[in-house]
Each structure stands twice: as structure tokens, then as C-alpha cells.
Amino acid sequence: MIRFEQVGKRYSNGHVGLHELSFRVRRGEFLFVTGHSGAGKSTLLRLLLAMERPTTGKLLLAGQDLSQITNAQIPFLRRQIGVVFQNHQLLFDRSVFDNVALPMQILGLSKPEIAKRVSVALERVALADKAELYPADLSTGQQQRVGIARAVVHRPALLLADEPTGNLDPRLAAEIMGVFEDINRLGTTVLIASHDLALIARMRHRLLTLQRGRLIGDGEAV
Ligand code: ADP
Ligand code: ADP
């Protein structure tokens, strides 16, 4: 599903985000990417979203070469991807339902189709009974689950998360990771950037470790 072949990213100011990074991810895998601040985690995610282009090497996502992708192809690429952010980025003046429906409305789906998919997505994160509430009515953990529902409502093949538990206490963080595992079990490839090593170690998934833009570890977390 993902193939990095000697991918390098040098920013225009000369900073190197990634040095000749090579790894593969199979469809349906669940993996973490970790590393200190500045290690290249965000650069890796931005390359997968085609927010940045590699400066060297080849980057394939579902057979598409992201080093060659045209701007016109980017919306189609993004439909295959869901993204979860640390600060969930919900709209506080819209209901839970409307927050989750937003990506579907942008795709122009019919109202009944949207309603069906939103309720499936909210069920997946155990918030089916909260659709009419507003984000401010929910706990922090529930808000993050709404963010996950919004990220998977269009049934992406790949789910990316950038420090999704950064603001949560350990119990809530573990609960959110359980939600990611449930989504992965249904077939979605899940890649999570996180520096919460204690939590990662408990989960026994593949872990890529970056240090100053280089891959220094690839294996099960211990
Ligand atoms: P935003 O992403 O909200 O537009 P900024 O405009 O502050 O944020 O920064 C643009 C991007 O540059 C951010 O994603 C930030 O993480 C990234 N960045 C990280 N390190 C550096 C750096 N040393 N120099 C410039 N930009 C950096
Ligand atoms: P992490 O997400 O692991 O903290 P980043 O991918 O943000 O790491 O950063 C990796 C390296 O690339 C750092 O040296 C950072 O300063 C640099 N960098 C990241 N974004 C930018 C940017 N937009 N412009 C210039 N340098 C950047």
C-alpha cells in the first residue's frame, strides 16, 4: 500500500526533513512512527498527503507515484486517506452529525447516503447516541472519537494520525488506540505518528523509529 524508496525531503531553506528513507507497508497493517521532535514524523505524513513533494527517491501510495502526482490528481488521492489530528479540529458551531458529515457533503453525496454513512461512522466510535449534540457537550475523549469518525466516514483505505493522543490522559489514550485497532480490524491500514512510547510498547504493533530524518528502527515495539 505504501512504498518509500530512498525518499529524501530537503526544504527550500536547506533543512533536511528526511534522508533516503526506505520502507514498505502492506495493506491492512497497523503501525506507529515515532521519534523526537524534528525527527521527520510530520514530514513523512505531509509527503503521504502530497502536501509536500519528495526531493529525491520514489514514493508510492496504492500504486500511485506521489513524486510525480499532478495538482489535479491530489483530491482523488486524498479521498483514499483519512487524517486525525491532535487537536481534532472540530467545528464547535455544528452538531456532531454535521461535523462527521462534512467530508461527505464536500464529495457531494446524497442526503440519505450521508445519513447512513455518518451513523455507521459514529457507531464505530461508540457515539451513535450523540449525533445531535455539539462538540462542547462532549468530553475530550469523545471529541477525539468524533474526529476519528470524521476521518473514516468516507471509508479511506489509509488512516493517518498525528499525535492523536497528545492531549489525553493515559486511560483515554488507551481507549482511543482501541478505536484505531477496531477500525484496522475492518481492513483500513492505520499509521500513527506518536512519541508516547509507553503506550506504543503496550500495543505490540510495528514501530518505525526516526532520528534526524533517518530510519533507525523497524520492528515490533518492546
Ligand atoms: P502551519 O502549518 O500552521 O502553517 P507554520 O506556518 O508555523 O504552521 O509552519 C509551517 C510548517 O513548517 C509547519 O508544519 C511546521 O511544523 C514546519 N516547520 C517545522 N520546523 C520548521 C523549521 N525549522 N523551519 C520552518 N518550518 C518548520
Ligand atoms: P517531527 O514531526 O518529527 O517533529 P518534522 O517532520 O516536523 O519532525 O521536521 C523534520 C525536520 O524538517 C526538522 O529539522 C524541521 O526543522 C524540518 N522542517 C519541517 N518542516 C519544515 C518546513 N516547512 N520548512 C523547513 N524545514 C522544515
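Guide: A helix axis is taken here as a line fitted to C-alpha atoms over the stretch in contact, and angles run from 0 to 180 degrees between N-to-C directions. The model is a predicted one.

Visitor: At roughly what angle do the axes of helix α3 and helix α4 cross?

Guide: Helix α3 spans residues 96-107 and helix α4 spans residues 111-124. Their axes come within 9 Å, and the angle at which they cross is roughly 120°.

Visitor: What is α5 in relation to α6?

Guide: The axes of helix α5 (residues 140-152) and helix α6 (residues 170-185) come within 10 Å and cross at roughly 20°. Angles under 35 degrees fall in one class, so α5 is, in relation to α6, roughly parallel.

Visitor: How many residues of the contact of α5 with α6 are charged?

Guide: On the α5 side the contact is made by Gly-141, Gln-144, Arg-145, Ile-148 and Val-152, and on the α6 side by Leu-172, Glu-175, Ile-176, Val-179, Phe-180 and Ile-183. Seven of these residues are nonpolar and two are polar, and the number that are charged is two.

Visitor: How far is a polar side-chain atom of Arg-46 from an oxygen atom of ligand 1?

Guide: The residues around ligand 1 are Asn-13, His-15 and Arg-46. An N or O atom in the side chain of His-15 is 3.5 Å from a nitrogen atom of the ligand, whereas for Arg-46 a polar side-chain atom lies from an oxygen atom of ligand 1 at 3.0 Å.

Visitor: Which residue has a polar side-chain atom 2.6 Å from an oxygen atom of ligand 2?

Guide: Of the 14 residues around ligand 2, those that come nearest are Gly-38, Lys-41, Ser-42, Thr-43 and Arg-46. Backbone atoms also approach oxygen atoms of the ligand, with a polar one of Ala-39 at 3.2 Å and an N or O atom of Gly-40 at 3.0 Å. The side-chain atom at 2.6 Å belongs to Thr-43.

Conventions
Residues numbered from 1 in each chain as written. Chains lettered and ligands numbered in written order. Predicted model: local features only at pLDDT ≥ 70, side-chain atom pairs only at ≥ 80, totals over all residues. Heavy atoms only, no water. Helix = DSSP H or I, 4+ residues; strand = E, 2+ residues; numbered from the N terminus. Parallel < 35°, antiparallel > 145°, perpendicular 65-115°, else oblique. Contact = heavy atoms within 4.5 Å. Nonpolar A, V, L, I, M, F, W, Y, C, P; charged D, E, K, R; others polar. Near = heavy atom within 4 Å. Polar contact = N/O pair within 3.5 Å; in protein donor to acceptor, adjacent residues only side chain to side chain.
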